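Hello,

Here is the structure for your files. My notes follow below it.

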Amino acid sequence: MSVKQIVQVINPNTSQAMTATIGAVARAVAAPGTEILAVCPSQGVPSIEGHFDEAIAAIGVLEQIKAGRELGVSGHVIACFGDPGLLAARELAQGPVIGIAEAAMHMATMVATRFSIVTTLPRTLIIARHLLQQYGFEQHCAALHAIDLPVLALEDGTGLAQEKVREGCIQAKKRDGSGAIVLGCGGMATLARELTLELGIPVIDGVGAAVKMVESLVALGLSTSKHGDLDYPVRKTLSGQFASLKLD
C-alpha cells in the first residue's frame, strides 16, 4: 500500500495569482498519491528580480519551510528560478528541498547534451550564471536569453510575455544548437508542454521537474543529510521577527 505524499510548493514572492499558477502546474504532474500544498509568504516582495529581492524572499521561504515541517509535509519545492534560500532551507527541513532552477538544469542534462535558458529580465541572467557554476552545469549551457519583461507580466492577462517566451525559445533553438530549453521563471511553468510540442525539443519547467524529484527522493526513502553543513541550525537565541524561525 503506497503512502500518501504531501509536497509543499513555495512561491517565494507574495503574488497569489502566481502561486495559483504554480500550484496548478504542480498538481498536473504530481502522482495520484501526492497532495500539493502551494503557498507563498504573506510579507516580502511581489516579484523576485535581483539579489535584493532574493535576500528578502529567502526569509519568507524559511518561514514556509518551518510551517510545512510542522504540518508534516514529505518535501518542499522552492518555486523561484533563483532558488533563494535553498541551502538554509535544507538546514531547517526534515524532508528533501529542491529548487526549480536546480531541478530544471538536472533534467535538461538527462535529455540533451546542451541546453539554453530563457528567462525574464536581463539583470537576472547573472543569477542564472551563478547557479550554473554552483550546480556544475556551466559547460552544459549553450546560452542564456532574457525576454526583457518583468516577472509579473506573465500574470497580466495580455499574453505578451507568453509570446515573448515563445519567440525566445524559437530563437534559442535556431541559434544555440541546444537540444533542450529551460524556462527560467516559475511563472512560465504553464508553457512547457505546448512549447515542447511546437519546437520538437524538450522545454523544461522547473516546477514540474522539482515536484517529480521530491516524489522520487521520498519514494526512495532519501532526505536531506543531517551530517555536516546541512545539519539543523545551531540552536541559539533568535530575536525580533526572526524568533519565529527557532526550532522547538
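**Sheet and domain contact**

Strand β1 (residues 5-10) and strand β3 (residues 75-78) run parallel and pair over four bridges; strands pair if DSSP finds at least two bridges between them. Helices (H or I, at least four residues) and strands (E, at least two) are DSSP runs, numbered from the N terminus. Within this pair, Q8 has H76 of β3 as its bridge partner.

Before going further: this is a predicted model, in which local features need pLDDT of at least 70 and side-chain atom pairs count only at pLDDT 80 or more, while totals for chains, interfaces and linings use all residues. Residues are numbered from 1 along each chain as its sequence is written, and side-chain values use heavy atoms, with hydrogens and water left out.

The two strands belong to an open sheet of four, in the order β2-β1-β3-β4, with parallel pairing. β2 (34-39) and β4 (97-99) are at the edges with a single partner strand each, so one side of each has no neighbour in the sheet. From one strand to the next the twist averages 20°.

Helix α1 (residues 16-29) packs on the sheet and touches β1 and β2, its direction making about 170° with that of β2. Helix α4 (residues 100-111) lies across β3 and β4 and runs at about 75° to β4. For these angles, axes are lines fitted to C-alpha atoms, for helices over the stretch in contact (heavy atoms within 4.5 Å), and angles run from 0 to 180 degrees between N-to-C directions.

The domain assignment gives domain 1 (5-99 + 208-245) and domain 2 (101-206); such bounds come from an automatic or database assignment. Their C-alpha centres lie 21 Å apart. Domain 1 puts 27 residues into the contact and domain 2 puts in 32 residues.

Between them the domains bury about 2200 Å², 66% of it on carbon and sulfur atoms. Buried area is the accessible area (1.4 Å probe) that two parts lose on being put together, summed over both. M18, E49 and F81 supply 34% of the area that domain 1 buries against domain 2, more than any other three residues.

One salt bridge is counted between domain 1 and domain 2, the term meaning a side-chain nitrogen of Lys or Arg within 4 Å of a carboxyl oxygen of Asp or Glu. E102 forms a salt bridge with R90, with the closest N and O atoms 2.8 Å apart. On the side of domain 1 that touches domain 2, α1, α2 (51-71), α3 (86-92), β4 and α8 (206-219) each supply at least two residues. α1 gives the most to that side, with six residues.

Regards
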